[in-house]
Amino acid sequence: MFCFFGLAIIALIVLGSMVRSTRPGDRFRLLALALVCGGAAGNLIDRIRSAQGVVDFLDIGVGGWRWPTFNVADSAITVGAIALALSLWQEGRAHQRAKEAQAAEP
């Protein structure tokens, strides 16, 4: 339990520094970071509040038809991490194109 607690604190510190270094107006990256931070904070609060650990699971369905049970905070972390990876990939491509354009100039 203490391992997850420590990792969550470290992750929130790193994510906070990423938020501060994000360009003004980069809403996509800020949304991605907000999802990851919110999920990490939610899991951290659950671990502190409950001896059972993370408890925010949803079981959705109608009658015998069930959607797989999922954790809200982990879903936010997953969606945010994918969005953050896309944002960083796009930024890397933009830097590469700028570098190539600069190298092509006489």
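Trainee: What covers the buried residues of α3?

Mentor: The cover includes α1 (2-21), α2 and β4 (70-71). Helices (H or I, at least four residues) and strands (E, at least two) are DSSP runs, numbered from the N terminus. This is a predicted model: local features need pLDDT of at least 70, side-chain atom pairs count only at pLDDT 80 or more, and totals for chains, interfaces and linings use all residues. Residues are numbered from 1 along each chain as its sequence is written, and side-chain values use heavy atoms, without hydrogens and water.

Trainee: Which residues of α3 are buried?

Mentor: Buried means under 20% relative accessible area (1.4 Å probe, protein chains only). In α3, these are Ala73, Ala76, Gly80, Ala83, Leu84 and Ser87.

Trainee: How do α2 and α3 pack?

Mentor: Two packed helices are described by the angle between their axes and the distance between the axes. For α2 and α3, the angle is about 150 degrees and the axes lie 7 Å apart. That makes α2 roughly antiparallel to α3 (over 145 degrees).

Trainee: Where is arginine 29, and is it buried or exposed?

Mentor: Arginine 29 sits in helix α2 (residues 27-49). Its relative accessible area is 9%, so arginine 29 is buried.

Trainee: What does arginine 29 contact, beyond its neighbours within four places in sequence?

Mentor: Contact means heavy atoms within 4.5 Å. Arginine 29 is in contact with Thr22, Leu84, Ser87, Leu88 and Glu91.

Trainee: With which side chain does the side chain of arginine 29 make a polar contact?

Mentor: The partner is the side chain of serine 87, at 2.9 Å.

Technical notes:
Buried < 20%, exposed > 50% of the residue type's maximum accessible area, 1.4 Å probe, protein only. Polar contact = N/O pair within 3.5 Å; in protein donor to acceptor, adjacent residues only side chain to side chain. Axes fitted to C-alpha atoms, helices over the stretch in contact; angles between N-to-C directions. Parallel < 35°, antiparallel > 145°, perpendicular 65-115°, else oblique.
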